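Thanks for coming. I will take a few minutes to walk through one structure, so please have it open.

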Amino acid sequence: MTQGLFIIYTGHGKGKTCAAFGQALRAAGQGLRVCIIQFVKSRACGELTALEQLSGSTGSVEIHQVGSGFSWRDKEMTRFKESALAGWQLARDKIGSGDCDLVILDEFTYLLHFHILSPGDVLPVFTQRPEKMHLLVTGRDPGEELLDAADLVTEMREIRHPFKKGVAAQKGIEW
Ligand code: ATP
Ligand code: MG
């Protein structure tokens, strides 16, 4: 009876990645095989460490961090593109293999935003995935085509963020 859903967590408020990892936790707890591919970011975040520790005792959670960090400098941008495309290849392999029940592409929308990939590149892969596979994409501004294709879209709306009053990112809250 499983109906694979295409889910998007988007918006400019905080909580998209946290919500995606919460979803991973729930799925793993139900014995689902989860694969998380985290784009853009390259530093160790608490959620990665915690999930790695949990893996094995719950369902399986596979995590790949494919980001090279991000910077506007040309050289860095080239590296960003290369690692993003390698991440996309990995995502296609995972989606195509059918070995996972839930695939999470965290911060994926930035690849569209920076025209590294187009909706025409990604939508066929997303829509032709195995019928029972859930797919979760996070990131700001996914664009109309992705939004239209999704079964479930949640927008995190910023009401207040401590960054605005100069409070630095807090360990355990931001990373
Ligand atoms: P989180 O990883 O905490 O779930 P997110 O995935 O929704 O946040 P991103 O757009 O991926 O947010 O941004 C990553 C970082 O930027 C997070 O550390 C987050 O706290 C911070 N951030 C998110 N929204 C805002 C905002 N509106 N103003 C300033 N910083 C923000
Ligand atoms: Mg995020």
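I will cover the metal site, the pocket and the nonpolar cores.

First, the ground rules. This is a predicted model, in which local features need pLDDT of at least 70 and side-chain atom pairs count only at pLDDT 80 or more, while totals for chains, interfaces and linings use all residues. Residues are numbered from 1 along each chain as its sequence is written, chains are lettered from A and ligands numbered from 1 in the order in which they are written, and side-chain values use heavy atoms, with hydrogens and water left out.

Now the metal. Which residues coordinate the magnesium ion, ligand 2? They are Thr17, through OG1, and Glu107, through OE, at 2.1 Å. Donors here are N, O and S atoms within 2.8 Å of the metal (3.2 Å for Na, K and Ca); water is not among the atoms, so sites may look incomplete. Thr17 sits in helix 1 (residues 16–29) and Glu107 in the loop between strand 4 (102–106) and helix 4 (109–113), so the pair ties together parts that are 90 residues apart in sequence. Helices (H or I, at least four residues) and strands (E, at least two) are DSSP runs, numbered from the N terminus. Thr17 is buried, at 10% relative accessible area, and Glu107 is buried too, at 9%. Buried means under 20% relative accessible area, exposed over 50%, and partly exposed in between (1.4 Å probe, protein chains only).

Next, the largest pocket. A pocket is an open set of points on a 1 Å grid over the protein atoms alone, where a 1.4 Å probe fits, with protein on both sides within 12 Å along at least five of seven lines; lining residues have an atom within 4 Å of a point. The lining has 33 residues, and Lys14, Thr17, Lys41, Glu107 and Glu174 lie nearest the centre. Helix 1 gives the most, with six residues.

Last, the cores. A nonpolar core is a set of buried Ala, Val, Leu, Ile, Met, Phe, Trp, Tyr and Cys residues joined through side-chain atoms within 4.5 Å. In the largest, of 31 residues, Leu105, Phe108 and Phe126 touch the most other members. Helix 3 (74–97) is among the elements giving two or more residues to this core, and gives the most, with six. A second, separate core has 17 residues, including Ile7 and Leu136.

Phe108 is in contact (heavy atoms within 4.5 Å) with residues including Trp88 and Phe126, leaving aside neighbours within four places in sequence.
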